[in-house]
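Hi everyone, and thanks for coming.

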Amino acid sequence: MTTNTDLKNFTLAQLTDYVHDLGLKPFRASQIFSWLYRPGIHDFSQMTDLSKKVRDLLDHQAYFSRLTPNIKEKSTDGTIKYGFLLEDGAMIESVLIPEQGRNTLCVSSQVGCAMGCGFCVTGAMGFTRNLSPAEIVNQVYAVMEDTGFEGENRVHNLVFMGMGEPLANFDNLITGLEILLDQRGLNFSERRITVSTCGIVPKIRELGEKVKVNLAISLHAVEDRTRDQLMVINKTYPVDDLLAALREFPLPKRRRIMIEYILLDGINDSPDDARLLAKKLKGIRCKINLLPYNESSALPYRTPSRERVEQFQKILWNAGYTVIIRESRGADISAACGQLAGKMKE
Ligand code: SF4
């Protein structure tokens, strides 16, 4: 593993400080930064507007990392799972989900996860480490290299719903987001990026103050007794605290918070659960995604019947919410929510 500095860990402002320390003029930082995220640039020698002296200096002091997929599996429904081997031998996954002419890339933020949600295979793996900003951004860059940076196959949307809890890796997440949003970086719009959290309440507001990306909440139950069983985080930040944080979230105009609700047969899918959910979400500008549980041999939960799922949806509809039933994608390649990297352990 190299001990040189990985320039892909820097925002433009951080890179400006770094090049200053190397004795270079500030404008070099924006030249270098924009090269880092162009297609096919893998070497300082390709940065043709830098002098040979500057390129040699960078070669000596720094490098810029990239990821190449070690695994690429395509599901029968078009979902593509990419597996990346990191410098220290850890594996992570990103999943590309094509949907109605838009491709959404599900990005990982940690190796494993410490949150221990009871229905999640990644949670059952435990936590190994945080991803660096470079490792976060390089997942996106690597998939863009595969799909093309332009054209209809390109990545349109990013969701931080892969392995890990993004808000538990807050600083690296923010740095990664700044690079993804920078016009000279990967130039995503804030509207096209969604960060999903299981409910680390103090970090939710902080996220809203730092970047205006979309917010998704893995809610899955609104009764503390049930949510405590499903999600350990609820014992620290109970449902009402979480919902209060959502009410205070500095949500940009015309945006809504995405509420994710996995339906588990006989656990959180009754009509009473739906009515309580409708009541508790009052006053929160949101839309609700219902996700019928995707069964895994490693976990005891079951998928509810279609009737029960539709009944749950209807109650929320009648209460005035936008509710979408999300079908599980990529189940045949273990790319579905909560299954990332589960297969790699087997
Ligand atoms: Fe972690 Fe998300 Fe799985 Fe919970 S659902 S254990 S937060 S990866």
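Let me start with a question: is Thr122 buried or exposed? With a relative accessible area of 4%, Thr122 is buried, because the cut-off for that class is under 20%. Before I go further, please keep in mind that this is a predicted model. Thr122 belongs to helix H4, which covers residues 121–125. If you want a landmark, look for Ala90: it lies 32 residues from Thr122 along the chain, and the C-alpha atoms of the two are separated by 14 Å.

Now to the ligand. Which residues surround the ligand? They are Cys113, Met115, Gly116, Cys117, Cys120, Gly123, Gly164 and Cys198. Sorted by class, this shell has five nonpolar residues, three polar ones and no charged ones.

Let's move on to the rings. How many aromatic pairs does the structure hold? There are seven aromatic pairs. I'll show you two of them.

Lys8 places its charged end over the ring of Tyr141, 4.2 Å from the ring centre. Over the face of Phe170 you will find Lys203, at 4.7 Å from the centre of that ring.

Next, the empty space. Rolling a probe the size of a water molecule over the atoms shows where such space is left. The second largest pocket has a volume of about 290 Å³. It is lined by 14 residues, and those closest to its centre are Met144, Phe149, Arg154, Leu186 and Asn187. By class, that lining is made up of six nonpolar, four polar and four charged residues.

What about cavities? With a threshold of 30 Å³ or more, the count is one cavity. The largest cavity has a volume of about 40 Å³. Which residues line the largest cavity? Ala221, Val222, Glu223, Thr226, Tyr261, Asp273 and Leu276 do. Four residues of this lining are nonpolar, one is polar and two are charged.

I'd like to stop at one of those lining residues, Asp273. Asp273 sits in helix H11, residues 271–280, and is buried, with a relative accessible area of 16%. Another aspartate to find on the screen is Asp228, 45 residues from Asp273 along the chain, with 15 Å between their C-alpha atoms.

One more buried residue, this time in a strand: Ile193 is part of strand E10, residues 193–197, and its relative accessible area is 0%. Between the C-alpha atoms of Ile193 and Leu251 there are 14 Å, with 58 residues separating the two along the chain.

Let me finish with the backbone. Most residues other than glycine have a negative phi. Two residues are worth a look with that in mind.

Gln100 has a positive phi, near 45°. Gln100 is in the loop between strand E5 (91–99) and strand E6 (102–106), and it counts as exposed, with 81% relative accessibility.

Then there is Arg254: what is its phi? Arg254 has a positive phi of about 60°, although it is not a glycine. Arg254 is placed in the loop between helix H10 (239–248) and strand E12 (257–263). Like Gln100, which is exposed, Arg254 is exposed, in its case with a relative accessible area of 75%.

Key:
Residues numbered from 1 in each chain as written. Predicted model: local features only at pLDDT ≥ 70, side-chain atom pairs only at ≥ 80, totals over all residues. Heavy atoms only, no water. Near = heavy atom within 4 Å. Nonpolar A, V, L, I, M, F, W, Y, C, P; charged D, E, K, R; others polar. Phe/Tyr/Trp six-rings, centres within 6.5 Å; stacked < 30°, edge-to-face > 60°. Lys NZ or Arg CZ within 6 Å of the ring centre and 35° of its normal. 1 Å grid on protein atoms, 1.4 Å probe; cavity = no way out; pocket = protein on both sides within 12 Å on 5 of 7 lines; lining within 4 Å. Points joined across faces, edges and corners; volume = space filled by probe spheres on them. Helix = DSSP H or I, 4+ residues; strand = E, 2+ residues; numbered from the N terminus. Buried < 20%, exposed > 50% of the residue type's maximum accessible area, 1.4 Å probe, protein only.
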